[in-house]
Amino acid sequence: MTSPSLFASRDFRLLLVGQTTSQLGAQVSGVALPLLAVVSLHASAFEVGLLGAASTLAFALIGLPAGAWVDRVRRRPLLVASDLVRALLLLSIPLAAVFGMLIMAQLLVVSLLAGVARVFFDVGYRSYLPSVIGRGRVLAGNSSLEFVRASGQVAGPALGGALVSLIGAASVVLVQAGTFAVSALCLLGIRAREDAPAAPSARRRMRAEIAEGLGVVFRSRVLRATAVASALSNFSFAMASAVNMVFLSRTLGLSPALIGVVIAAGSVTVMVGAAFTTRLSRAVGEVRIVWLSLAVTAPLSVLGAFAQPGWWTLLIVAGIAAGELGQIVYAITQVSVRQQLCPDRVLGRVNATMQVVVMGLFPVGAIVGGVLGDTIGARWTLLTAGALLLACPVVLWRALRGARDVSDLPASAPAPARVFPPA
């Protein structure tokens, strides 16, 4: 999956351990929170959609300033603070449940504030990785880290569903709170030195810095296409997420434990994809695989919408398996291409711009999915989301056709300094 020299790095091992625990906890509570809303608080599809929207709204609101801020500070302390904030926020949910005070409004507020911390973590994390392992090994590093995430995605839902049945959804959220704390401790142990951020006198206005990051993304044919395709894919995923639990629980009649098993079984392909992405990239081309991964798997991912109670439930396993395989290969390769194309001094802003474009549509998609779920039903909402996903590989192919590897692409250079004068 990765080179021996990369795994021999103590810093990289700490990064892996931290992500192993936090991703497992995230997947466990990813089942627990919507089930808590659906089963314990009797939430409608629209309310579950609002919960998904709240968790990602911060990307649209503060994503661009967060990118400029990440480029101004050392990234490791920012990542540690983000983990600790999320741990404390999640801890409030089981405490409220113990005293019988848990309501839907608290879930929404916690999701919103945890989303703010996630913005800084996600932008900083993708910008921090090259400092830990070097730019030449980002593909192998991303593959290894995504394999870890995939392991949690397979084990987490099954474990989460079982734990919800045994101890209740609110108590399961404690797992994720603890895993964020472990991730923070692992990050504190990393010794890799970061380049010092720019001195205060050399810093430009934040508005100019944000504009520079936007310019790098939207002037680049490659980055622009991956931003559009990723945004469309995320919009589709948000629509589906708003009705998934309703579809599995009410339409197919599955228990919480079975829901976890179904999601876990379909997600096994994430581990396979993460483990073999580096080999696939070398065989097919590290740029060509970006669009090809979705072209092959997107049509198959629509199968889940045709699932019925009984053995036909296996269709949703097949749909999840195909969708997850394509998405994991796509995610690893497009991020690795971006990390190699962009200069380090603007990488935080470029990552933030991509996150805003990609995640900014998630709240809209979640709300649209919730509204459609209440009006046309969960099954037709899933079919609509699947149809949107089919457009993604077309957008990517138009921009990347003819290129096999990153060396075939033009570098994404920042705009000339005169365009954005100092403050």
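This is a predicted model: local features need pLDDT of at least 70, side-chain atom pairs count only at pLDDT 80 or more; totals for chains, interfaces and linings use all residues.
Q: Which residues of α15 are buried?
A: Phe362, Pro363, Gly365, Ala366, Gly369, Gly370 and Gly373. They cover an arc of only 165° around the axis, which puts them on the same side of α15. The arc is taken from the directions from the helix axis to the C-beta atoms. Buried means under 20% relative accessible area, exposed over 50%, and partly exposed in between, with a 1.4 Å probe and protein chains only.

Q: What do those buried residues pack against?
A: They pack against α3 (45–70), α9 (221–251), α14 (344–360) and α16 (378–389). Contact means heavy atoms within 4.5 Å.

Q: What are the ground rules for the numbers?
A: Residues are numbered from 1 along each chain as its sequence is written, and side-chain values use heavy atoms, with hydrogens and water left out. Local features need pLDDT of at least 70 and side-chain atom pairs count only at pLDDT 80 or more, while totals for chains, interfaces and linings use all residues.

Q: Switching to Arg75: buried or exposed?
A: Arg75 is buried, with a relative accessible area of 6%. Its place is in helix α4 (residues 75–98).

Q: Which residues is Arg75 in contact with, neighbours within four places aside?
A: Val70, Gly124, Ser127, Tyr128, Glu194, Asp344 and Gly348.

Q: Where does a charged end sit over a ring?
A: The charged end of Arg86 sits over the ring of Phe121, 4.7 Å from its centre. Arg401 does likewise over the ring of Trp397, at 5.0 Å. The rule wants NZ of Lys or CZ of Arg within 6 Å of the ring centre and within 35 degrees of the ring normal.

Q: How many disulfides?
A: The search of the whole structure finds 0, taking a disulfide as a pair of cysteine sulfur atoms within 2.5 Å. Cys186 is buried at 10% relative accessible area, and Cys392 is buried at 0%.

Q: And the overall make-up?
A: The protein has 17 helices and 0 strands. Of its 423 residues, 55% count as buried.

Notes:
Helices (H or I, at least four residues) and strands (E, at least two) are DSSP runs, numbered from the N terminus.
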